[in-house]
Amino acid sequence: MRFQVLTIGGHGPHPLAGERAAAADRLDEIVETGAVAEELGFDAYAVGERHAGPFLSSSPTVLLGALAARTSRIRLLTGVTVLAVLDPVRVAEDYATLHQLSRGRLELVIGKGAEAGHFGLFGLDEGLQWEYQAEKYELLRRLWREEKVTWQGRFRPPLTDTTTVPRPYGGRPPRVWHGSATSLNSPELAARHGDPLFSANAIQPREAYARLIEHYRERFEAYGHDPRAAYVGAGSGGLFIADTTQQAVTRFKDYYEARVRQTHKPHLEGRPGYNTPFHTIEDAVADGPHLIGSPQQITDKILGFHAAYRHDLQSITVDTSGLSLPEQIDQLRRFAEEIAPVVRREAPTTLWQAPEPLSPAESTRH
């Protein structure tokens, strides 16, 4: 198993205390956490993208640029790049630049996004979200793999003899994962192209995500791809480790249940993926995707995810738990020391063994 730390740059008021950090301080925390994640041996750090709601992640390329400058080994991912609302030419340019700055450490997770408001913000029709996603990804693939691209589609002006610059680092396009939360569309698109899948695993019961992952694996092989390359990532709810599960429940109960009330979206009731069914912390510990409890409880839950998903990459989040930055760092330290080694041993993977990012010495030849 590999491990990733994810932030979506949440900037809402504390659900109990009501205060909100200054934007500059919050952004500093995001970059500092990425640097600490590298020091602790995490494999990846991911920055989400949101254009609606209380978030500071509308410009993940800027944050990832800062992270590329602060780190040297950890992989940098998105979570997700909302390709459905973006121009693929701009995406190709921006992320190839980050691919160069990070010397090949960048990977994308693309998706249509989880916020209902961003299509209107960009003047787009939400009813066409999957058509946007498929067409824009087809163009992005070509822009990274070909020069002098001539292309015509439905949603942007045609291109003639177009070569985006810079080119990807080392001549290899960044790996692209497909974020999957509620629909078979993303698993299908990932399988068609032989790309990895990243399951949200954040709100719904485990069975809902297992169904999407199984569809992906079936279609991946049906398209003629080697099933050993069907890598899967899985998210999780927030992380909260205590010496015992009861201590975690006692310490975190009021915050967790207040946050559920704060983030509940009545106008989206009935739409899967928007409102958690785990309203109490006891439900969340027993059956939800949150990683709350003792190190053993959390280890067992991740291995339970693995039994259902056979995934290769586990994502965790520490900045949605109402903790100060030092407390968040302590949570990451405990995870890295007490949980990750056991799960790595019990759930081995070939993800990120080869090909690895080029070394600085190798890069001089490109």
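I shall go through several salt bridges in turn.

Please bear in mind that this is a predicted model. In total, the structure holds 25 salt bridges.

Let us begin with Lys253. Which side chains does Lys253 meet in salt bridges? One partner is Glu257, with an N to O distance of 2.8 Å. Both residues belong to helix 8, which covers residues 245–263, and they sit 4 residues apart, about one turn of the helix. Lys253, at 26%, is partly exposed.

Another partner of Lys253 is Glu282, and here the closest N and O atoms are 3.2 Å apart. This pair links distant parts of the chain: Glu282 lies in helix 9, residues 281–287, whereas Lys253 lies in helix 8, and 29 residues separate them. Glu282 is partly exposed, with a relative accessible area of 39%.

I turn now to Arg345 and Glu346. Their side chains form a salt bridge with an N to O distance of 3.8 Å. Arg345 is exposed, at 58% relative accessible area, and Glu346 is partly exposed, at 48%.

Finally, there is a network of salt bridges, in which Arg2, Asp43 and Arg344 are linked.

Thank you for your attention.

Note on methods: Residues are numbered from 1 along each chain as its sequence is written. This is a predicted model: local features need pLDDT of at least 70, side-chain atom pairs count only at pLDDT 80 or more; totals for chains, interfaces and linings use all residues. Side-chain values use heavy atoms; hydrogens and water are left out. A salt bridge is a side-chain nitrogen of Lys or Arg within 4 Å of a carboxyl oxygen of Asp or Glu. Helices (H or I, at least four residues) and strands (E, at least two) are DSSP runs, numbered from the N terminus. Buried means under 20% relative accessible area, exposed over 50%, partly exposed in between (1.4 Å probe, protein chains only).
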